Amino acid sequence: MTPRDDSGSREPRRSRWSDLDRPPLNAAALRRALVREGGLWRELDVVQRTGSTNSGLVARAAGGGRGLGEGVVLVAEEQSAARGRLDRKWVAPARSGLFFSVSLRPGDAGVPMERWGWLPLLTGVAVATGLARAGGVDTALKWPNDVLVTVRGEERKAGGILAEAAGDGGVVVGVGVNVSLRAEELPVPTAGSLGLAGAVSTDRDPLLRAVLRGLEDWYGRWRAAGGDAGACGLQEAYAAGCATLGRVVRAELPGDRALVGEAVAVDGDGRLVLATEAGVQEPVGAGDIVHLRAAG
């Protein structure tokens, strides 16, 4: 009988070393490096395959298993039902990227809920900084949740971030980053990966450590400031790395509405501010952003 993996699949189980260019993550070493007394990360698990790391933690927060506190990290070598924003599917070969989710509880530290919209942006800063430091690759952020790299002179999406409410007062933030994805494996022509962007390293262990350490640092600063992104430097850091600012964009809004304008700022609530042809500045808090052209 073919054994099931943790997703319930009856597919034949592949060797963890079936692709020598994509070695498995070292869960024990990651725990030693990241889980420490007084730190944010208190639990870290690596599973071979699951549907979605976000769905797994959200379900746990809803009352399944051991419950869910702050600082839990769930990493998957492969996801069979990964999701991005607007329920888009995220498809990637096993061990070709970083696929993980973390549990956060900003309300326990007194951060008002209206400031929680900064969590995807905060995570984006941590991801971009960590990948640049550990991978030696230039990255940029597309508001609100995409990680961009440059492949053969073209801007490509290499990663995405998804934040979801989890239980009573919790948030699960999921991250997916294409690390070693090859050109023939790209799901769409506009996708990219760190390897295709010329990263000096695609070793996922140091990449994940760098990202999670950066997330711990930025989350700690933001939480200590009561969620005030300006006071803790987050607003400035995000603006410095945001490829959307200074561009003419189209915001595809709920209700089949669209707004075109120059992205001029990210405000204190994490909203993208567009200067329209009508001469007004309109903040956008949710929607899909399409980069049209550079401003000016």
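This is a predicted model: local features need pLDDT of at least 70, side-chain atom pairs count only at pLDDT 80 or more; totals for chains, interfaces and linings use all residues.
Elsewhere, salt bridges with shared partners link Asp 21, Arg 22, Arg 182 and Glu 185 into one network. Within this group, the side chains of Arg 182 and Glu 185 meet at 3.4 Å, N to O. Arg 182 has a relative accessible area of 28% and is therefore partly exposed, and Glu 185, at 23%, falls into the partly exposed class too.

In total, the structure contains 18 salt bridges. One of them joins Glu 77 to Arg 204, whose closest N and O atoms lie 2.8 Å apart. Glu 77 sits in the loop between strand 2 (72-76) and strand 3 (82-83), while Arg 204 belongs to helix 4 (residues 204-224), so this pair ties together parts of the chain that are 127 residues apart in sequence. Both Glu 77 and Arg 204 are buried. As a general point, side chains of opposite charge can pair when their charged atoms come close.

Attention now turns to the aromatic rings. A pair of such rings is described by how far apart the centres are and by the angle between the planes. The count of aromatic pairs in the model is two. One is formed by Trp 118 and Tyr 238, an edge-to-face arrangement with 6.4 Å centre to centre and 85 degrees between the planes. Trp 118 is part of helix 3 (residues 118-135) and Tyr 238 part of helix 5 (residues 234-241), so the contact ties together parts that are 120 residues apart in sequence. Trp 118 counts as buried because its relative accessibility is 0%, and Tyr 238 counts as buried at 1%.

Tyr 219 and Trp 222 also form an aromatic pair, here tilted, with centres 6.0 Å apart and an angle of 35 degrees between the planes. Both residues lie in helix 4, three residues apart, which is about one turn of the helix. Tyr 219 and Trp 222 are both buried.

Notes
Residues are numbered from 1 along each chain as its sequence is written. Side-chain values use heavy atoms; hydrogens and water are left out. A salt bridge is a side-chain nitrogen of Lys or Arg within 4 Å of a carboxyl oxygen of Asp or Glu. Helices (H or I, at least four residues) and strands (E, at least two) are DSSP runs, numbered from the N terminus. Buried means under 20% relative accessible area, exposed over 50%, partly exposed in between (1.4 Å probe, protein chains only). Rings of Phe, Tyr and Trp (its six-membered ring) pair if their centres lie within 6.5 Å; planes under 30 degrees apart count as stacked, over 60 as edge-to-face and the rest as tilted.
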